[in-house]
Amino acid sequence: MEFSVLMSVYYKENPEYLKLSLDSVIKQTVPAAEIVLIKDGPLTKELDDIINQYGDKYAGLFRVFSLEENVGLGKALNYGVQCCKYDLIARMDTDDIAVPNRFELQIKEFIKDNELVLCGAQIAEFEDNPQVINGYRKVPLTQKEILKFSKKRNPFNHMTVMFRKQAILDAGKYQEMPYFEDYWLWIRILQKRYVVKNIDKILVNVRAGAEMLDRRGGLSYARASYIFLKATYGLENNYDVYGCRYNYAAEEAEHVQITAGNTSDINQLSGSKYLQSNMAKVMQEISETKNKFLFIGTPCQVAAVDKILRKKGIREDCILVDLIFHGVPSYNMYKKYLKFIKSALGLITVDEISFRYKEKGWREIYIYMADFQQQKEYCQNQSKDIFYKFFEIGHCYMESCFECNYRTTSAADLRIGDYWGRKYKNDKTGVSMVIAHTRRGYDTLSHLKLNGNVKIEEHGCNDYYAVQYPVNPVKPVFYQNLQEELAKENTDLQAIADKYCSRYFLYRNFLGRIKGKVKNILNYD
Ligand SMILES: Cc1cc2nc3c(=O)[nH]c(=O)nc-3n(C[C@H](O)[C@H](O)[C@H](O)COP(=O)(O)OP(=O)(O)OC[C@H]3O[C@@H](n4cnc5c(N)ncnc54)[C@H](O)[C@@H]3O)c2cc1C
Ligand code: SF4
């Protein structure tokens, strides 16, 4: 049975690792009919030299294809799948080492069962020395176990799989899904009820050291993983999701509906938008829908949705999640701020914005925006950014936030926020504070815990009161004046900030210095 091996290499690959990997693919008890190597963008001279050497030495075996620019693994593999001559394709990563009878064992499975379309295996992980194994990644073996496992974690070790080209094309190939292109493809293969299996043998030794973690992107990987699992959870339970995205044309936050299983659009909801979200579009949909859904929003938005659901008698079918909140700044301030930043930096349009850009971890917050056409970016620490000054001080929240009924009450099943305070001060990845208000909320948390999707520790409610804001802020006496000045066309934001915020910051810095002195005297951190 003839087959292709598909590999994709990019400029960051270590030339020595590539050599070891190619040798392991060539020296097989059942060799491949062709090795298709995709060069994902320009490579270093060392990598090109190695590829040329192997191409010369094993002429006829290697077929090398070059992409003009680095497009990322998913796209490079899609291109590669098309380039493979044979219907059976073995995937291999360019820094891993296949065991000598890897292909022999996999081919046997395809001969045994001609309905089989995807066959993976177990892996052993090493750091530098392939002889020193640090761990294993065991995946389930049978179709039934794989299906069950896929609802919690990736059921295949992607670097071990051998698949049928036609099935991959039929399932829609690799699709844009940062870090999870392969997982998402397997889910679609499973949805089409194709026959799949894993062999209970280690067929690839995988390099899994610090470099791999680095390539996976640390914090961004953790975030993407969270979003993906949230989406998969929605898939499993067939829940639509309502959440808040940023509308770039209108320059405002708005709630939208993402239908169950739409894992690519769910990304739009990720990240806090420190603005009041426009609910006009979704309120009608919520009152008419018969689908189960998960709604995430501010406590007052959740209270409104809860009311509708109770009236319709379907509250028990839905999961409501609200956020821990001080308040949201008014659009008077935000629009003025955008104008201020655009004119100061020469931005024409804001094509990307992140109100919580976690460049240096989750505790230190940056605001980030970019105009792609002008190739201009703005990235500023919260302590120096004028929007954050207003947000932190709370002088220009929406009027209702000064008389909010939901500081210590909630209509949600779960309330989420950040676990500020000293308990997790050394944590680098981010810790959420989650409060279960209802049995459904508690069960949802238990479900996540059982699945091993998240690590959950239980603490008392005192932590909530210690680090959150359970009382309404005091509305400043100059609130109306401030809003009027912000709303006027020709007023200057910096001058308004100086007028209404500087005293507060002077006072806070003064308090900060006193606290610092007391800490030094008492010698605690
Ligand atoms: C305006 C605002 C103020 C906040 N203040 C605090 C605070 O003082 N203390 C604290 O601990 N946490 C606060 N949070 C919550 C915190 O920022 C995180 O959203 C929360 O910890 C969940 O983080 P996450 O990374 O899991 O999810 P995230 O990626 O942050 O997203 C959670 C969900 O929030 C929804 N969302 C985002 N922006 C809005 C919005 N403007 N209106 C309605 N829904 C929105 C989205 O639908 C998204 O699905 C605030 C959030 C917002 C939006
Ligand atoms: S603080 Fe209260 S009123 Fe303001 S957005 Fe949050 S829940 Fe609504």
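This is a predicted model: local features need pLDDT of at least 70, side-chain atom pairs count only at pLDDT 80 or more; totals for chains, interfaces and linings use all residues.

Begin by selecting residues 280-288, helix α10, together with residues 299-312, helix α11, and look along the pair: the two helices pack at an angle of about 20°, and their axes lie 9 Å apart. Since angles under 35 degrees count as roughly parallel, α10 and α11 are therefore roughly parallel to each other, and their crossing is right-handed. Now show the side chains where they meet, which on α10 are Met283, Ile286, Ser287 and Glu288, and on α11 are Ala304, Val305, Ile308 and Lys312.

Next, select ligand 2 and display what surrounds it: Pro299, Cys300, Phe325, His326, Gly327, Met398, Ser400, Cys401, Cys404 and Arg407. This shell around ligand 2 is made up of 6 nonpolar residues, 3 polar ones and 1 charged one.

Finally, move to the open sheet of 3 strands, which run in the order β15-β16-β17 with antiparallel pairing. Strands β15 (352-357) and β17 (376-381) stand at the edges, and because each has a single partner strand, one side of each is left without a neighbour in the sheet. Neighbouring strands here are turned against each other by 10° on average, direction ignored. To see the pairing in detail, select β16, residues 366-371, which pairs with β17 in the antiparallel sense over 6 bridges; within this stretch, pick Tyr368 and look across to Cys379, its bridge partner in β17.

Methods: Residues are numbered from 1 along each chain as its sequence is written. Chains are lettered from A and ligands numbered from 1 in the order in which they are written. Side-chain values use heavy atoms; hydrogens and water are left out. A residue is near a molecule or strand if one of its heavy atoms lies within 4 Å of it. Ala, Val, Leu, Ile, Met, Phe, Trp, Tyr, Cys and Pro count as nonpolar, Asp, Glu, Lys and Arg as charged, and the others, Gly among them, as polar. Two strands pair if DSSP finds at least two bridges between them. Helices (H or I, at least four residues) and strands (E, at least two) are DSSP runs, numbered from the N terminus. Axes are lines fitted to C-alpha atoms, for helices over the stretch in contact, and angles run from 0 to 180 degrees between N-to-C directions. Angles under 35 degrees count as roughly parallel, over 145 as roughly antiparallel, 65 to 115 as roughly perpendicular and the rest as oblique. A crossing is left-handed if the near helix is turned anticlockwise from the far one by less than a right angle, and right-handed if clockwise. Contact means heavy atoms within 4.5 Å.
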